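Here are my notes for you to read alongside the model. Please keep the structure open as you go through them.

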Amino acid sequence: MAHDGRWVRWVAHSVLMGFSIACLVPFVLLFMASISSESSIIQHGYSFFPQQFSSKAYDYLWTHWGELGHAYGVTVFITVVGTAASLAMTSMLAYPMSRQDIPLKHFWAFLVFFTLLFNGGLVPTYLIYTQAFELKNTIWALIVPGLLMNGFYVMLVRTFFATSVPPALIEAAQIDGAGEIKAFYKIVLPLSMPIMATIGLFEAILYWNDWFNGMTYVTDPKLFSIRNILNRMISDIQFLANNSNLSSTASEAMSELPGSSVRMAIAVVGVLPILIVYPFFQKYFIKGITIGAVK
């Protein structure tokens, strides 16, 4: 039996190792494409073993670091501020809904759940944010629309609060003179680090990879995130490639714009922070999903 158990563990570890390697393959291919010459990509396509190595993509990023660095700063700002604001709003809404003594608890839970099923559509949402709230071409247009609050995360955090935070601790804090706000910050949040780290990681990834809000609500290049810069480069390259025969200057402009290797290099630079941060949140991520969802 012990021998059979070792074989089962060996097979399970081998399968998990295979899945782990499969998850790393796209990143390896992405990096290899970023250090390949443009001509080799055009002739041979993307490959794990580039036909011709080249650092021109990263040289281009270095020479255009003013524009890309600014976009990088915008992305970092909206990720940090948006994630912090989202965690604050999500936890403050989920905590009252987890309490047994709140009036109309099920009604508020229904309102949150309703947002998961229905929405007003793109046009009404655009009009609300641009005309009522006047967020167009502001930094808040990259933070508020569609990302600041998520009903699924509220329900997940509410479940964690209700099942993992003992009500006796809150009652003890209230007996000692703590109010609701102090009990929330001093008792509930410290006990909820797994779910808060999990939701924070989800939100940070959404903000970091968001391009839709920038495309919809922002036309000022100073507010472009790194994803919007990449999309603009792709659009410029496709336009000149399709219309290069219209003028003699089109081919010259085409040669000055970044190619596939530069786009891959920007993607590498864009994904690195998430890959660096994730290992530090992994233990909270696993525990938060297990406790918050299964219970």
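The numbered points below run from the overall fold down to single residues.

1. First, the ground rules. This is a predicted model, where local features need pLDDT of at least 70, side-chain atom pairs count only at pLDDT 80 or more, and totals for chains, interfaces and linings use all residues. Residues are numbered from 1 along each chain as its sequence is written, and side-chain values use heavy atoms, with hydrogens and water left out.

2. The fold is helical: 14 helices and 0 strands. Both are DSSP runs numbered from the N terminus, helices being H or I with at least four residues and strands E with at least two. Taking contact as heavy atoms within 4.5 Å, 74% of the contacts between residues at least 6 apart in sequence join residues at least 24 apart.

3. Of the 295 residues, 36% are buried. Buried means under 20% relative accessible area, exposed over 50%, and partly exposed in between (1.4 Å probe, protein chains only).

4. Now the inside. The largest nonpolar core has 28 residues, and Leu61, Leu68 and Ile266 touch the most other members. The elements giving two or more residues to this core are α3 (56-63), α4, α10, α12 (226-242) and α14 (260-294), with α4 giving the most, 5 residues. A core here is a set of buried Ala, Val, Leu, Ile, Met, Phe, Trp, Tyr and Cys residues joined through side-chain atoms within 4.5 Å. Not counting residues up to four places away in sequence, Leu61 touches Leu68, Val262, Ala265, Ile266 and Val269. A second, separate core of 21 residues includes Leu87, Ala109, Val112 and Ile199.

5. Have a look at α10 (residues 193-209). With 12 of its 17 residues buried, α10 is largely enclosed by the rest of the structure; among the buried ones are Pro194, Met196, Gly200, Glu203 and Trp208. The helix length checks out too: at 1.5 Å a residue α10 should span 24 Å, and its end C-alpha atoms are 24 Å apart, which agrees. The expected span is 1.5 Å times one less than the number of residues.

6. Ala94 sits in helix α4 (residues 65-98) and is buried, with a relative accessible area of 0%. Leaving aside neighbours within four places in sequence, Ala94 is in contact with Val154, Val157, Arg158 and Phe161. Ala94 and Ala109, 15 residues apart in sequence, have their C-alpha atoms 9.0 Å apart.

7. On to the rings: there are 15 aromatic pairs. One of them, Trp7 with Trp10, is edge-to-face, at 5.8 Å centre to centre and 70° between the planes. Rings of Phe, Tyr and Trp (its six-membered ring) pair if their centres lie within 6.5 Å; planes under 30 degrees apart count as stacked, over 60 as edge-to-face and the rest as tilted. Both Trp7 and Trp10 lie in helix α1 (residues 2-34), 3 residues apart, about one turn of the helix. Trp7 is partly exposed at 48%, while Trp10 is exposed at 53%.

8. The rings of Tyr153 and Phe202 have centres 5.8 Å apart and planes at 20°, so this pair is stacked. Tyr153 lies in α7 and Phe202 in α10, so the pair ties together parts 49 residues apart in sequence. Tyr153 is buried at 8% relative accessibility, whereas Phe202 is partly exposed at 22%. Elsewhere, ring pairs link Tyr95, Phe161, Phe184 and Tyr185 into a cluster.

9. Thr130 lies in α6 and is buried at 13%; a polar atom of its side chain lies 2.6 Å from the backbone oxygen of Tyr126. Glu134 is exposed at 59%, and Asn137 is partly exposed at 31%.

Methods. A polar contact is a pair of N or O atoms within 3.5 Å; within protein, one must be able to donate a hydrogen and the other to accept it, and residues adjacent in sequence count only if both atoms are side-chain atoms.
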